[in-house]
Amino acid sequence: MTTPQLQFERITKAFAGVPVLREVSFDVPAGATVGLVGENGAGKSTLMNILGGNLAPDAGRMWIDDEPFAPRSPIDAARRGIAFVHQELNLFLNLTIAENLFITGFPRTAGLPWIARAELHRRTATLLAEVGLTISPRTPVERLSTGERQLVEITRALSIDARLLILDEPTTSLGARETRRLFELLARLRARGLTMIYISHTLEDVLRLSDRIVVLRDGEVVGQGARGEFDVSRLVSLMVGRSLTQLYPTRTRAGVPAARRREPSEVSAGQNAIAPTRPSAHRTEVGAEPSALPSSAPLLEVRGLSQPGVVHDISFSLTAGEVLGVFGLMGAGRSELARLLFGLEPHGAGEIRLEGRALPRITPQSAIRQGLAFLTENRRDEGLCLHASIADNIALVSLREHCRGATGWLDLDSIGRAVRRMREAVRLTPTASNSAPVKLLSGGNQQKVVLAKWLLVQPRVLILDEPTRGIDVGAKFEIYQLILGLADGGAGVLVISSEIEELLGLCDRILVMSRGEIRDELRREVFDRERILRAALHASKAA
Amino acid sequence: MKHAPTGALLLALNNTPLALFAGVLIAFGLLAPKFLTAANAANVLIQSAPTAIVATGMTFVLLTAGVDLSVGAIMFLGAAVAGKLALGGAPLWAAVIAIIAIGIACGTVNALLVTRLRIIAFIATLGTLYVGRGLGLRITETRAMNLPDNFVALGSSRVLGVPVPLLVLAGVLVIAHAVLRHTPFGRQVYAVGADAEVARKAGIRVPIILASVYVISGLCAAIAGLLSLAQLGAVAPTFGSQKEFAAIAAAVLGGTSLFGGRGNVLPGTLFGAVLIQSLESGLVIVNADPYLYPLVTSAIIFLAVLLDSARSAVLARLSRRRIRQEPEST
Amino acid sequence: MTALATSNHEPRTTSSALRLFQSEHLVLFLAAAYFLALLPFTPGLAARANLVNLLATLLPLFVLAVGQTFVLITAGIDLSVMSTVALTSVVGALVMNGDTGWLAGHPLAAPVGVVVMLALGAGVGLVNGVAVSRLKMPPFIVTLTTMMFLSGLAIWLTKSKTIYNLPAAFNALGGSIGSAAAIATGLAVLAHLTLARTLLGRWLYAVGHNPWAAGISGVPVAGVVTAAYAASGLFAAGASVLYTGQTETGSPVLGQRLLLDVIAATVIGGASLFGGRGKVLWALFGVLFIKLIDNSLNLLNLSLFAITMVKGGVILLAALLDSARTRLATVAA
């Protein structure tokens with residue numbers, strides 16, 4: 001069986017001017033398993049989407065068996081023998097395993113459009129046996145566990161005689177036993193000479209399964225080689241990066257935050273501790289020492305928060321004026337935690353206290369009334385009414401405050417004033433009029449609209465989920481300033497982010513989550529990139 | 001997440017129509033023993049044939065999460081044309097061909113409106129409903145048409161001892177069931193209903209599937225119109241009126257979901273149609289106020305849709321992604 | 001003057017033809033153009049009697065369209081309005097009529113009758129609203145079912161007979177053109193103020209645009225959707241007051257053929273089936289347009305079926321227009 005040698009040659013891709021892949025080049029030898037590692041945003045998904053035919057590169061080429069490969073759709077890629085097992089499984093739950101596998105290629109009886117069931121089940125059973133799944137081909141997929149469904153997806157790859165199998169975070173939803181079963185299968189496939197690309201945050205797994213490893217960071221290949229050249233520490237330090245172009249405001253506490261570029265010499269790969277750069281400023285509210293954290297009475301206290309299948313035993317506190325970061329890789333449970341805190345999902349056990357008051361049953365409305373605010377990670381889906389005007393979006397949460405009387409009559413002038421005031425405060429682009437739909441704004445401006453919306457209700461606790469995702473450098477800085485300004489004003493801010501740098505620059509403390517639990521907590525004095533990433537990768541702590 | 005209670009809940013939701021049917025049989029059986037005779041059963045089956053046939057076509061459409069509100073109008077239009085031809089002296093087979101052609105044509109119009117012009121299904125078919133009914137009224141000049149005897153004979157004759165309506169019903173059901181269960185097309189209909197986007201990625205030609213189901217629905221409506229015409233022997237201006245309603249109810253009661261991807265023709269839709277017809281026949285037999293029929297029917301439909309929505313909500317909750325395995329997992 | 005505008009502002013476009021197409025007043029222009037175009041061919045179109053008649057039938061339809069606008073803004077639909085009209089007509093008549101009414105001859109028969117009608121309409125709307133917002137049932141099937149039920153109920157209550165002998169005071173409400181116009185205008189102003197100047201109005205548009213973002217922003221989504229359907233039912237009852245007064249009968253088949261008119265008028269006027277768009281003024285333009293078509297076709301002696309067919313075509317046209325408008329709004333940048 002010939003297996004392809006796959007080559008990436010200077011693949012480059014940018015989204016809306018933001019570069020995501022920069023001249024990525026590496027080889028996948030025939031029959032090898034290549035492990036692909038990198039943080040969120042390193043470019044792994046984009047690269048795989050290009051390989052799988054979902055996206056086209058802006059520049060660069062791909063080769064399979066020394067022939068050019070430029071798929072225009074997933075079907076093209078499939079025809080060349082590429083099979084992609086995504087995290088979100090592409091299965092039809094209402095159909096059986098056999099039907100899922102052969103949905104576009106059913107064996108027919110005598111050439112007629114009549115499914116030859118016996119043949120269908122026979123072929124499926126053979127494929128399932130190869131994969132080690134001893135389940136009847138007639139089983140509806142909805143009855144399978146996640147691990148079994150994943151094996152069915154892999155089986156589908158085999159059914160189309162795939163020559164290259166890409167696995168994206170396959171073990172995220174698997175238990176120990178299912179993971180073992182998966183690895184046994186992968187070992188068998190490897191012995192058969194199937195070429196594979198294995199993407200995962202579980203570095204030990206990557207090291208165990210791969211022949212070669214490629215490390216991506218900020219869209220570039222920063223390391224590649226045979227497996228023997230790597231260990232967890234080396235991988236972690238390669239993955240950890242420094243973006244030398246991002247500016248972070250410093251926290252002055254006394255007035256307008258000033259910008260200060262963080263020099264590379266201050267933080268080198270060797271010494272990972274970041275020296276505090278805050279000038280000692282006089283704090284009027286809490287007469288504490290400059291290096292101490294703000295007011296000690298917690299604003300938000302969470303104890304033992306759990307929801308089966310989602311988060312487990314989450315406990316932390318947030319004080320007024322503090323910026324608390326939450327880092328984690330995809331699937332760590334951070335957004336789920338935020339949604340629990342805001343009342344969008346129910347929680348099983350645990351307690352949430354706001355300013356000392358216990359909050360038994362929380363809904364978004366009661367949360368807002370108590371002073372909570374939530375900027376979601378997907379502004380287009382859950383943060384904005386895209387076709388509505390800028391003004392309407394900004395005013396939405398605070399409308400109640402501008403009502404006169406029981407009929408809900410709105411004081412349009414006061415709303416208008418508030419909107420104008422907030423527009424200036426967030427420095428929204430002056431070229432867009434208040435009545436323009438937010439759809440037309442850039443990502444950064446859209447995010448500012450969402451932020452403005454929440455700022456108008458003067459929240460005590462603000463939860464921000466990926467506040468700078470998909471935003472250009474300049475807008476990012478402005479949003480950082482706003483966040484710090486909020487904290488200076490006495491609010492507590494929870495910032496969820498996948499960018500370590502961002503959290504290092506903004507936060508007083510960082511919590512690290514992985515698999516629904518808090519794995520580590522770091523105060524500013526001991527901020528350490530590798531320690532953070534290690535905790536997030538649920539790798540063991542280095543000695 | 002507790003699985004046992006939701007499993008039990010799903011079981012209850014899935015089997016409520018069955019319980020309903022049992023309830024209907026018991027209630028009417030007690031009130032009028034005549035209800036439970038074999039003769040009545042056969043009668044109910046024959047009377048339910050047109051509804052069951054329309055509902056079969058509707059099942060295809062509902063499986064893709066669409067809807068076809070124009071089926072009653074298609075029945076009417078087909079019947080009007082056939083009646084006109086028959087009265088004009090045309091042979092039986094010409095009338096039959098005309099009806100089939102109209103069904104396919106109307107179905108194609110619906111298909112184009114939904115897949116090419118991207119009009120929401122219920123509005124598009126609401127529009128064709130009015131246009132179709134208007135055309136039909138034009139052809140019949142808003143008068144009732146009484147058909148020649150050879151037509152009526154068709155409706156009451158028997159082949160090998162089996163009444164023709166039952167033969168037609170059986171034919172349609174068997175073919176529809178076979179298509180849905182045993183052909184690649186049929187399985188792709190279910191796939192599209194489950195997730196049209198995943199279907200597209202898998203290489204299924206989604207627009208063709210979507211278009212086909214509306215054509216099938218039109219065809220079934222036409223056949224049902226033909227059967228109904230033969231049974232009634234006349235085309236009144238209210239012919240086929242509100243049949244779309246009965247069709248949707250029959251399908252949903254039989255387990256087809258309005259949200260797509262779930263349902264079957266045998267036994268599902270047949271069962272739903274028989275249930276509705278039993279209800280109506282039962283009401284007649286117990287001499288209930290005829291004005292109550294629409295009330296009872298709409299209450300049943302409401303219940304059926306409520307069950308469907310509840311089941312959909314439960315299933316959605318069950319399939320929420322888990323990101324961590326709890327220690328006690330198997 | 002506040003800088004705050006409503007949510008229905010169109011994006012800037014380059015060509016003026018395109019701008020016209022997207023203008024709020026497109027339908028008004030179309031209606032006027034249609035009127036002028038048909039004037040030479042249609043006898044009696046501009047006659048005073050005809051115009052008065054046009055106005056009389058237009059007013060109740062307008063009230064219905066306003067109610068439907070509330071529901072359309074939330075991306076729903078209310079197909080049960082016509083049977084709500086029928087049922088409230090019948091129930092009101094049962095209360096008020098001089099022969100067998102519950103309050104026959106009583107001086108308060110008319111006002112109580114009106115109150116009962118309005119309450120019933122709102123109640124129907126509440127049921128629809130709860131089914132859609134809390135039971136999560138699809139709006140079109142819920143309101144289709146309610147339509148069947150209410151219609152059947154109305155017919156059952158009256159055994160298909162019409163009820164006569166309604167109090168003169170009541171009849172005057174809808175029968176006298178001045179009174180009907182005042183009532184319709186009053187209701188329209190109420191609706192407009194609610195949509196444009198109250199909290200509920202803003203919430204309605206937000207829910208229509210993006211129910212998830214609205215929910216996270218603290219909008220009580222289920223309550224708002226229920227309120228929209230309740231409003232639709234209430235306005236249907238209001239329209240029923242006018243219709244019943246005009247015909248001076250409580251009829252279980254009142255307005256049976258007008259469902260299509262209501263939806264077509266609201267959508268043509270500019271309210272979107274996809275939610276987030278709709279204004280009272282647009283409903284007026286749409287109703288004007290539909291009524292003009294209706295009236296002119298009648299005067300041209302077109303048969304009932306032709307008119308039905310034309311209207312079917314009109315609703316398809318309306319839906320196409322809606323889709324086109326939505327797509328243009330998405331593309332324009």
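What radius of gyration would a compact globule of 330 residues have, and what does chain B have?

## Chain B at a glance

With 330 residues, a compact globule would come out near 20 Å, and chain B agrees, with 21 Å. The radius of gyration is taken over C-alpha atoms, and the globule rule is 2.2 Å times the number of residues to the power 0.38. Along its principal axes, the C-alpha trace of chain B spans about 80 × 55 × 35 Å.

## About the model

This is a predicted model, where local features need pLDDT of at least 70, side-chain atom pairs count only at pLDDT 80 or more, and totals for chains, interfaces and linings use all residues. Residues are numbered from 1 along each chain as its sequence is written, while chains are lettered from A and ligands numbered from 1 in the order in which they are written.

## Inside chain B

Chain B has 13 helices and 4 strands; these are DSSP runs (helices H or I, at least four residues; strands E, at least two), numbered from the N terminus.

Of contacts in chain B between residues at least 6 apart in sequence, 78% join residues at least 24 apart. Two residues are in contact if their C-beta atoms, placed from the backbone, lie within 7 Å.

## Where chain B meets its partners

Let's turn to the neighbours. On one side, 26 residues of chain A are in contact with 25 residues of chain B.

With chain C, the contact takes 32 residues from chain C and 33 residues from chain B. Helix H6 (139–158) and helix H14 (304–331) of chain C each give two or more residues to the side touching chain B, and H14(C) gives the most, with 13 residues.
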